[in-house]
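Hi,

Here is the structure I promised to pass on. Have a look at it first, and then read my notes below.

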Amino acid sequence: MKTELLIDEKLQYEFAELSGDFNPLHIDHEFSRRSTFGSPVVHGIHLLLAALEQIDFDTIQRITHLEAEFRSAVLVGDPFSVEIIEIGPIKKILLTSKNQLCAVFQIRTEETVPKEPDPFSAYESQKCVENFNITDALSTNGVDTGVVSAFGIEKLFPNISLYLLHSDIDLLLMMTRTIGMKCPGSRALFRSFNWDHLPNQGKEAKSYRVTKIDKRFDLIEIEFIASSILAKALVKIRQAPAHQPNSKYIGAFVDSNEFKDIRALVIGGSRGLGELAVQILACGGANVLFTYFKGESESRILASSFDKNVNCQYFDSQNPNDRSVEELRSFQPTHLFYFATPPIQRQFAKDFNEDLYRNFKSVLVDSFKVLCRELPFK
C-alpha cells in the first residue's frame with residue numbers, strides 16, 4: 001500500500017503546538033535558510049506519526065517494538081509517499097520524497113486493553129537551547145511531566161488516536177520535544193531510535209538521560225524511559241550556521257573609496273558569499289542594492305548596519321517577472337554580482353533528474369541571462 005502525503009506550514013505549526021517542539025529548524029524560515037536544508041524541515045516524529053496514521057488497525061494496540069531511521073530530510077510543503085510492507089508481525093514503512101528514501105520505520109504492536117486517558121496537563125513551554133555542550137552531555141538528564149491533550153492527537157492523527165495507546169503517542173511527542181528544545185536543542189538532527197516494551201521495568205514518570213557521546217562525529221545517545229517503555233535515540237549535533245564578519249572588521253582591509261564609483265547590484269546578498277560581497281563593496285564606498293528571497297528581517301538589519309548607500313529588495317531568481325526586473329533596473333547598476341542559488345541537497349538516485357536540472361538551470365542560467373539582457377549597465 002502506497003499513499004501520497006504533504007505536510008504544509010499549517011500542519012507543521014499545529015504539530016509544534018501539540019508536541020511543544022518549536023525548534024526553529026522546523027518553523028522559522030530565517031533560521032532554517034542558514035542550515036544545510038535551506039528551509040523548514042518536517043519533524044521526524046511528525047513523519048513517523050503521519051506514516052503510522054496510514055496503517056489499518058482494527059483493535060486497540062500498544063507498540064512493543066519500533067525502529068526508526070531518518071536518512072534524509074523532508075521539507076515542509078514537499079510531497080512524500082508512504083509505503084507499508086507487512087513482514088509477518090512486523091510492518092515496514094518506507095517514506096520517500098523527491099525520489100529519495102528519507103526514512104525507514106519498522107513497527108510491531110500487540111492488542112491491549114485501553115486505559116483511561118490521562119488528564120490533560122500542558123507541557124511546560126521553554127526556550128530552545130542554542131549552544132549545547134557535548135563535552136558535558138553525560139550529565140544531562142531530566143523528567144517530563146507534561147501530557148499532551150487527547151483532543152490535539154485526535155485532530156492531527158484521528159486514526160491512531162483511536163487505535164494506539166495515547167501514552168505511547170505521548171512518549172513519542174515527549175521525545176521530539178526533549179531533543180528539539182532541550183537536548184541538544186536548536187542544532188539537533190534526529191538520526192534514529194529503537195523502542196521496546198519491557199513489562200517489568202516499573203518506572204512511571206517520563207525521563208531522559210544522555211548515555212553515550214561520540215565527539216568524533218558529534219553524536220549523542222539519549223535514553224527515554226516511561227512506564228514499561230525503553231527507547232534509545234541517536235542524535236547528531238549540527239554545526240552552528242556560519243556568520244560573516246561584521247563591517248567593522250572588513251573595513252580594516254578595504255580602502256573607503258576603493259569602490260566609490262560603483263553602483264553594485266548583488267543578487268542573493270543576504271547570506272554566504274553574497275553577504276560578504278555586500279559588506280566589502282559597502283565598506284569600499286559603493287552604492288549597493290542587494291536582493292533576498294528569504295530572510296527579510298536579517299537583510300534589513302544588514303542594510304541598516306551601514307549609514308547610507310545600502311538597500312535591500314525582495315527578488316525571486318526562479319521567477320524574475322517584469323515588475324521585479326523593472327524595480328532592479330531603476331537602480332541603474334554599473335555592476336552585477338550574482339550569488340543566487342537553489343537549495344542544494346544530496347541526491348541518492350543515480351538517474352538523471354530532469355526536474356532538478358530545470359530548477360538549477362532556471363536560477364543559475366536563465367535568470368542570470370534575463371538580468372544581463374534587461375539591466376541598463378553603464
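Before anything else, a word on naming: helices (H or I, at least four residues) and strands (E, at least two) are DSSP runs, numbered from the N terminus. With that in hand, you can find serine 72 in the loop between strand 2 and strand 3 (79-87).

Two notes on where the values come from. This is a predicted model, where local features need pLDDT of at least 70 and side-chain atom pairs count only at pLDDT 80 or more, while totals for chains, interfaces and linings use all residues. Residues are numbered from 1 along each chain as its sequence is written, and side-chain values use heavy atoms, with hydrogens and water left out.

Now the overall picture. The protein chain has 12 helices and 14 strands, and its C-alpha trace spans about 80 × 45 × 35 Å along the principal axes. Of the 378 residues, 49% are buried; buried means under 20% relative accessible area, exposed means over 50%, and partly exposed is in between (1.4 Å probe, protein chains only). Contact means heavy atoms within 4.5 Å. Take the contacts between residues at least 6 apart in sequence: 71% of them join residues at least 24 apart.

Back to serine 72 for a moment. Is serine 72 buried or exposed? Serine 72 counts as buried, at 18% relative accessibility.

Next, the helix packing. Axes here are lines fitted to C-alpha atoms, for helices over the stretch in contact, and angles run from 0 to 180 degrees between N-to-C directions. Angles under 35 degrees count as roughly parallel, over 145 as roughly antiparallel, 65 to 115 as roughly perpendicular and the rest as oblique.

Helix 1 (residues 9-19) and helix 7 (residues 166-182) have axes that come within 9 Å and cross at roughly 100 degrees. Helix 1 is therefore roughly perpendicular to helix 7. Phe15, Leu18 and Ser19 of helix 1 make the contact with Leu173, Thr176 and Arg177 of helix 7. Sorted by type, these are three nonpolar, two polar and one charged (Ala, Val, Leu, Ile, Met, Phe, Trp, Tyr, Cys and Pro count as nonpolar, Asp, Glu, Lys and Arg as charged, and the others, Gly among them, as polar).

Helix 7 also packs against helix 4 (residues 44-52), at an angle of about 155 degrees and with the axes 9 Å apart. So helix 4 is roughly antiparallel to helix 7. On the helix 4 side you'll find Ile45, Leu48 and Leu49, and on the helix 7 side Ile169, Leu172, Leu173 and Thr176. That contact divides into six nonpolar, one polar and no charged.

On to the aromatic rings. Rings of Phe, Tyr and Trp (its six-membered ring) pair if their centres lie within 6.5 Å; planes under 30 degrees apart count as stacked, over 60 as edge-to-face and the rest as tilted. How many aromatic pairs does the structure hold? There are 10. One of them joins phenylalanine 70 and phenylalanine 190, and it is tilted, at 5.2 Å centre to centre with 40 degrees between the planes. Phenylalanine 70 lies in strand 2 (residues 61-70) and phenylalanine 190 in strand 7 (residues 188-197), so this pair ties together parts 120 residues apart in sequence. Both phenylalanine 70 and phenylalanine 190 are buried. Tyrosine 292 and tyrosine 314 make an edge-to-face pair, at 6.1 Å and 70 degrees. Tyrosine 292 counts as buried at 7% relative accessibility, whereas tyrosine 314 is partly exposed at 43%.

Most residues other than glycine have a negative phi, and most peptide bonds are trans. The peptide bond from cysteine 183 to proline 184 is cis, with omega near 10 degrees, and proline 184 lies in the loop between helix 7 and strand 7. Lysine 98 is not a glycine, but it has a positive phi of about 55 degrees. You'll find lysine 98 in the loop between strand 4 (90-97) and strand 5 (100-111).
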